[in-house]
Amino acid sequence: MENKELINDINNNVNEYIRNIKENIDEKKALVITHGCQMNEHDSEKITWLLEKMGYDFVNEVEDADLIILNTCSVRHSAEDKVYGQLGNLKNLKSKKKNIKVAVCGCMMQREESRNYVIEKFPNVDIIFGTNNIWKLPELLKSSYDGKKLAMDIEDNPLSIDDALGANRLYNFKSYVNIMYGCNNFCSYCIVPYTRGRETSRRPHEIIREIEELAKNGTKEVTLLGQNVNSYGKTFDDKFSLANLLEEINAINGIERIRFMTSHPKDISDELIYSFKNLDKLCNFLHLPVQAGSSRVLKMMNRKYTKEDYLRKIDKVKNVNPNIALSTDIMVGFPGESEEDFLDTLDLVKKVEYDTAFTFIYSMRENTPAARMDQVPDKVKHERFERLLDILYPIQERKNKAFIGRDVDVLVEDFSKKDESNVSGRTDEFKLINFKGNKSDIGKILKVKVKDANSFSLVGEKIES
């Protein structure tokens, strides 16, 4: 579908909903609950934009809402279980508040098994849609209010809708921007290719136009999103890479910081690595998920690189930019992982010395190749997970303490969760820092002196200009 046609359809759906909404729905109050990754967060920004166009106000408690939308994640069982628990609670709420509407969307609903389970076990769900047809929400809402028992629409193929859909940005000073959709890698443990579809890249001019508009409206930092941003542009007939895109974004007035995620190690190019030296707005931070340090396990995972390949690329990154902060994803207990394999992972962690890591225990996903492999006992997985953290945390603390005494630039994001007399933000290296501040600091990039540090964050003091 062409973009202009899609925009017309969206507007028609919104207007049709507004015209035909039942008279007894005077106050429309919505709550969107988001699970999962940054792409889900950005999808929720599009959902709230549509809801606002339809006249909805937003509330923070389920008891106050007329419409509750759960935007779901299916990467791990625990994420799905959390959604099922919420739907169970909403079943009780709906028995007391008859007019409430419950919608479920996101990655879980792209999976037939999860979708069928929700339909069977939770008849209180009124609306179901997936990751690829958010723009159909007004039409689905209208159908539901017109009496349809279950309004459902699932689209398997991703559409580039970012130009057609606006977004209610959570922050006006930093924004997520999708540069591509889907994934072609088919890692043996992962269901993302089945929930987000095949890989497709947005055209550069669409992305540049979106970011230029964001910059005019006060955005200082953009984070480029995709399941594998390193393969950006491979679906184009002409040659245009992520490094080329970063160079163009670097020239946009008003943008002061650029980040991207997630990267696949097999696709990170020398051209992209040198961007960390050549582009002044590209943040001093790289998230490069390794998943495991054993070449044998990586092969079973279908990751298409070895431990040695990964370490060579890390060495190249460090040689180009010795001060870069490195982050990763590490999975413990992949099927067939032996003690020797796990020791390889610990060895890699010691060699790379990550500034931070997202660590998790393997969670079996149905209909993936890994689900048919020999599973590691839970007790062994949990014991290995604790050993991994015993290696990671001291490294992270040492890396953070190296910042003590330094002056850093901080994009202030919000009040601190633990102490509202403090504000918190991120350094160029994506390190969380807390310091005394006030509401007027939020959204600014400030100079802060680092006074203390632990494994997870820094403590600073604002440098008065």
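Is C187 buried or exposed? At 8% relative accessibility, C187 counts as buried, where buried means under 20% relative accessible area, exposed over 50% and partly exposed in between, with a 1.4 Å probe and protein chains only. The views below show a predicted model, in which local features need pLDDT of at least 70, side-chain atom pairs count only at pLDDT 80 or more, and totals for chains, interfaces and linings use all residues. Residues are numbered from 1 along each chain as its sequence is written, and side-chain values use heavy atoms, with hydrogens and water left out.

**View 1. C183, C187 and C190 carry a UniProt "binding site" annotation from an unreviewed entry.** UniProt positions follow the numbering used here, feature names are shortened, and annotations may be inferred rather than shown by experiment. C183 is located in the loop between β8 (180-181) and α7 (192-196), and C187 lies in the loop between β8 and α7 as well. Helices (H or I, at least four residues) and strands (E, at least two) are DSSP runs numbered from the N terminus. C183 has a relative accessible area of 9% and is buried. C187 touches H264, M301, N302 and R303, residues up to four places away in sequence not being counted.

**View 2. C37, C73 and C107 are listed by UniProt under "binding site", again in an unreviewed entry.** These residues are spread over 71 residues of sequence, yet they cluster in space, with a largest C-alpha distance of 10.5 Å. C37 sits in the loop between β1 (29-34) and α2 (38-53), and C73 in the loop between β3 (67-72) and α3 (77-96). With a relative accessible area of 33%, C37 is partly exposed, whereas C73 is buried at 11%. Neighbours within four places in sequence aside, the contacts of C73 are H35, G36, N40, A79, E80, C107 and M108.

**View 3. Six strands form an open parallel sheet in the order β2-β1-β3-β4-β5-β6.** The edge strands are β2 (57-58) and β6, each of which pairs on one side only. Helix α6 (residues 137-145) packs on the sheet and touches β3, β4, β5 and β6, its direction making about 155° with that of β5. Axes are lines fitted to C-alpha atoms, for helices over the stretch in contact, and angles run from 0 to 180 degrees between N-to-C directions. Two strands pair if DSSP finds at least two bridges between them. β1 and β2 pair over two bridges, and K29 has D57 of β2 as its bridge partner.

**View 4. Strand β3 is largely enclosed by the rest of the structure, since six of its six residues are buried.** L67, I69 and N71 point one way from β3, while I68, L70 and T72 point the other way. In a regular strand the side chains alternate between the two faces of the sheet. β3 pairs with β1 in the parallel sense over five bridges, and V32 has I69 of β3 as its bridge partner. Six bridges join β3 to strand β4 (residues 101-106), also parallel, with G106 of β4 as the partner of T72.

**View 5. In helix α5 (residues 112-121), S114, R115 and V118 are buried.** They lie on the same side of α5 because they cover an arc of only 100° around the axis, the arc being that of the directions from the helix axis to the C-beta atoms. On the other side of α5, E112 and E120 are exposed. The buried residues of α5 pack against α3, α4 (107-110), β5 (127-129) and β6 (151-153).

**View 6. The largest nonpolar core has 65 residues.** Such a core is a set of buried Ala, Val, Leu, Ile, Met, Phe, Trp, Tyr and Cys residues joined through side-chain atoms within 4.5 Å. L224, L242, L245 and F260 have the most contacts inside it. Not counting residues up to four places away in sequence, F260 touches L224, V229, N230, L242, L246, L272, F276, L282 and L286.

**View 7. A closed barrel of five strands runs β15-β16-β17-β19-β18, with mixed pairing.** Neighbouring strands of this sheet are turned by 50° against each other on average, direction ignored. Strands β15 (residues 407-415) and β18 (residues 445-453) run antiparallel and are joined by five bridges. L411 has I445 of β18 as its bridge partner.

Note on methods. Contact = heavy atoms within 4.5 Å.
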